[in-house]
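Please look over the model below before reading the numbered points.

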Amino acid sequence: MSIAISPDGPYLVSGGVPLIQQAIMPTGGHYEYRTVRTFPPQEEYALCRCGRSNEAPFCDGTHRRVVFDGAETASRAPFDERADVYPGPRVTLLDDGRCAFARFCHREDGDAWTLTELSFDERLEREAVKASSDCPAGRLVHVDALEGTRYEPRLKPSIAVLEDVEEGVGGPLFVRGGIPLASADGSEYELRNRYALCRCGASGNKPFCNAMHAAIGFDDRLEERAAESEDPADDARKR
C-alpha cells in the first residue's frame, strides 16, 4: 500500500487501501469518529487534492483546468526534531504543531496539554493518551515518562475522508496504519502511523492539512451527491 503525490495533481493511491467516509461528531465534552460509508474496494484510485473536483473525494481532472499549484511546502525534518516537549508526571507530550482542527485533543477533563500536567492521576493519564491518540494529524504523541514507551493507537491501513459536522465543512484525508507517502519529486516522507492530508487545496503546509478547510468553509458536496446516487464511487475516474 502506498500514496504518491502527483505534480500539481491528485494523490495516487495503490495497493487496495480501504477508503471510508467518517464524521467528526461532538459527543458530550469530546469528539468521536462515526463511519458514514465505506467506498467500494479499488486496487488503485486518485483522490482530489485541489478541492475543486465534482467527483470528490475522487479526482476528475479539474486541477488541470484551474491550474492548481500543489507545491509541497511542509518540512521534511523528522517528527522528533520538529516536536515541542511538554513534560508531565507520568507522561510527556510531543507536539509538532501540525493542527488539522479535528479537536480530539479536547476531553471532558481538559485538553491534552492540561491532562499531561495532571497525569499523576491514572485516570487523567489515560484521558491524556486518549486525547493524543485520536488526533488524525499525528500532531500529538505521548511518551511514558519513566519507560520511554510511545503510545500509538493500533490502526489498520486505511484512508478516511473526514467530514466536520460541527463546523459544517469537509475535513482532511485521515491516513492511518503506516501507509508510505511519496512526494512529487519521488522522495518519501517520514513514515508515520497517522497523518492528515489536505484535500481543500488551500493548506499552506502542503501536502498536510493546516485547518484551512475550516477557514474557507470547504464544501465537498459529498452528501448532496450521495443523495443523487446510490453509489458515489461508481463514476470515479482514475487519474
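Leaving aside its neighbours within four places in sequence, which residues is C198 in contact with?

1. C198, leaving aside its neighbours within four places in sequence, is in contact with Y11, R49, S203, P207, F208 and C209, where contact means heavy atoms within 4.5 Å. The residue lies in the loop between β15 (194–197) and α5 (212–215), with helices (H or I, at least four residues) and strands (E, at least two) taken as DSSP runs and numbered from the N terminus. Because its relative accessible area is 4%, C198 counts as buried; buried means under 20% relative accessible area, exposed over 50%, and partly exposed in between, with a 1.4 Å probe and protein chains only. C198 and N210 are 12 residues apart in sequence, and their C-alpha atoms are 7.5 Å apart in space.

2. A word on the source is needed here: this is a predicted model, in which local features need pLDDT of at least 70 and side-chain atom pairs count only at pLDDT 80 or more, while totals for chains, interfaces and linings use all residues. Residues are numbered from 1 along each chain as its sequence is written, and side-chain values use heavy atoms, with hydrogens and water left out.

3. Most residues other than glycine have a negative phi, and most peptide bonds are trans. Against that background, the peptide bond from A56 to P57 is cis, with omega near 10 degrees, and P57 is placed in the loop between β5 (44–47) and α1. A cis peptide bond also joins K206 and P207, with omega about 10 degrees; P207 sits in the loop between β15 and α5, and is one of the residues in contact with C198.

4. D8 is not a glycine, yet has a positive phi of about 55 degrees; D8 lies in the loop between β1 (2–5) and β2 (11–14), and is partly exposed because its relative accessible area is 36%. F101, also a residue other than glycine, has a positive phi near 55 degrees, lies in the loop between β7 (91–95) and β8 (106–107), and is partly exposed with a relative accessible area of 30%.

5. Is T62 buried or exposed? T62 counts as buried because its relative accessibility is 6%. T62 lies in helix α1, which covers residues 62–65, and, leaving aside its neighbours within four places in sequence, T62 is in contact with R52 and S53.

6. Turning to the whole chain, there are six helices and 15 strands. A compact globule of 239 residues would have a radius of gyration near 18 Å, and the chain has 18 Å, so the two agree; the radius is taken over C-alpha atoms, and the globule rule is 2.2 Å times the number of residues to the power 0.38. The C-alpha trace spans about 55 × 40 × 30 Å along its principal axes, and buried residues make up 53% of the 239 residues. Of the contacts with a separation of 6 or more, 62% are between residues 24 or more positions apart.

7. Rolling a probe the size of a water molecule over the atoms shows where empty space is left. On a 1 Å grid over the protein atoms alone, a cavity is a set of points where a 1.4 Å probe fits but cannot get out, a pocket is an open set with protein on both sides within 12 Å along at least five of seven lines, and lining residues have an atom within 4 Å of a point. Grid points are joined across faces, edges and corners, and a volume is the space filled by probe spheres set on the points. By this rule there is one cavity of 30 Å³ or more, and the largest cavity has a volume of about 40 Å³. Its lining consists of I24, A100, F101, A102, P136, L162, D164, G171, P172 and H213, with β12 (158–164) and β13 (169–176) each supplying at least two residues.

8. The largest pocket holds about 210 Å³ of space. Of the 17 residues that line the largest pocket, Q21, E163, V169, D220 and E223 are the closest to its centre. The elements that give two or more residues to this lining are β3 (19–27), β4 (30–38), β12, β13 and α6 (222–228), and α6 gives the most, with three residues.
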